Amino acid sequence: MALRKIRQYYDEILRKKAKEVNKVDESTKELIEDMLETMYNAEGVGLAAPQVGILKRVIVIDVGEGPIVLINPKIIDSKGECMMKEGCLSIPGITGEVIRPEIVTAEALDLNEEKVVIEGEGLLARALLHEIDHLDGVLFTDKALRVIDSDIKEGD
Ligand code: CO
């Protein structure tokens, strides 16, 4: 396992569309291990492959309930709407208020190329939507109603 460099917002690769994974081979598995290590090291709740410079449709998430690895993830259903603050490891020091669906269902492949369906609400729904957006070159700042410089403390 190795830490990979997290690409920053000005890197053009973050604006490209990632490609479907046809085969979960050794290099995909190594990528996933490295992404998990990189996400935990940076204390993030999610990471998408383009953020480490790889244009493959792979995301990893951990909202405090253990690692979730999704290959070729797709949102297949969503309900409700809510506003939450988001941040991104590729845009340090910035948070934004973003309106997104409250509950989502995603379909993907797991490491064994088996189909998995995952339903998430709250932070998990948010992470699924945010990370899947990365696979299409979308950053949360594109959708934020208000962007806040987190380095300016809000009274705490
Ligand atoms: Co992000």
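This section describes strand pairing, a cobalt site and the nonpolar cores in a predicted model.

Strand E6 (residues 103-109) has two strand partners described here. With strand E3 (residues 68-79), E6 pairs in the antiparallel sense over 6 bridges. Within this pairing, isoleucine 75 lies opposite alanine 106 of E6. E6 also pairs with strand E7 (residues 115-121), again in the antiparallel sense, over 7 bridges. Here glutamate 107 has valine 117 of E7 as its bridge partner. The E6 and E7 hairpin has 5 residues between its strands. In this hairpin, glutamate 113 adopts a positive phi near 65°.

The cobalt ion is held by three side-chain donors: Cys88 through SG, His130 through NE2 and His134 through NE2. The sequence spacing of the donor residues is C-x41-H-x3-H. Histidine 130 and histidine 134 both belong to helix H2 (residues 123-135). They are 4 residues apart, so about one helical turn separates them. Both histidines are buried.

The largest nonpolar core comprises 18 residues. Those with the most contacts inside this core are Ile59, Ile61, Ile68, Leu70, Ile118, Leu124 and Leu128. Strand E2 (58-61), E3, E6 and H2 each give two or more residues to the core. H2 gives the most, with 7 residues. Excluding residues up to four places away in sequence, leucine 70 touches Arg57, Val58, Ile59, Ala108, Leu109, Val116, Ile118 and Leu128. A separate core of 14 residues lies apart from the largest one, and includes Leu31, Val58, Val60 and Ile71.

Note on methods: Residues are numbered from 1 along each chain as its sequence is written. This is a predicted model: local features need pLDDT of at least 70, side-chain atom pairs count only at pLDDT 80 or more; totals for chains, interfaces and linings use all residues. Side-chain values use heavy atoms; hydrogens and water are left out. Two strands pair if DSSP finds at least two bridges between them. Donors are N, O and S atoms within 2.8 Å of the metal (3.2 Å for Na, K and Ca); water is not among the atoms, so sites may look incomplete. Buried means under 20% relative accessible area, exposed over 50%, partly exposed in between (1.4 Å probe, protein chains only). A nonpolar core is a set of buried Ala, Val, Leu, Ile, Met, Phe, Trp, Tyr and Cys residues joined through side-chain atoms within 4.5 Å. Contact means heavy atoms within 4.5 Å.
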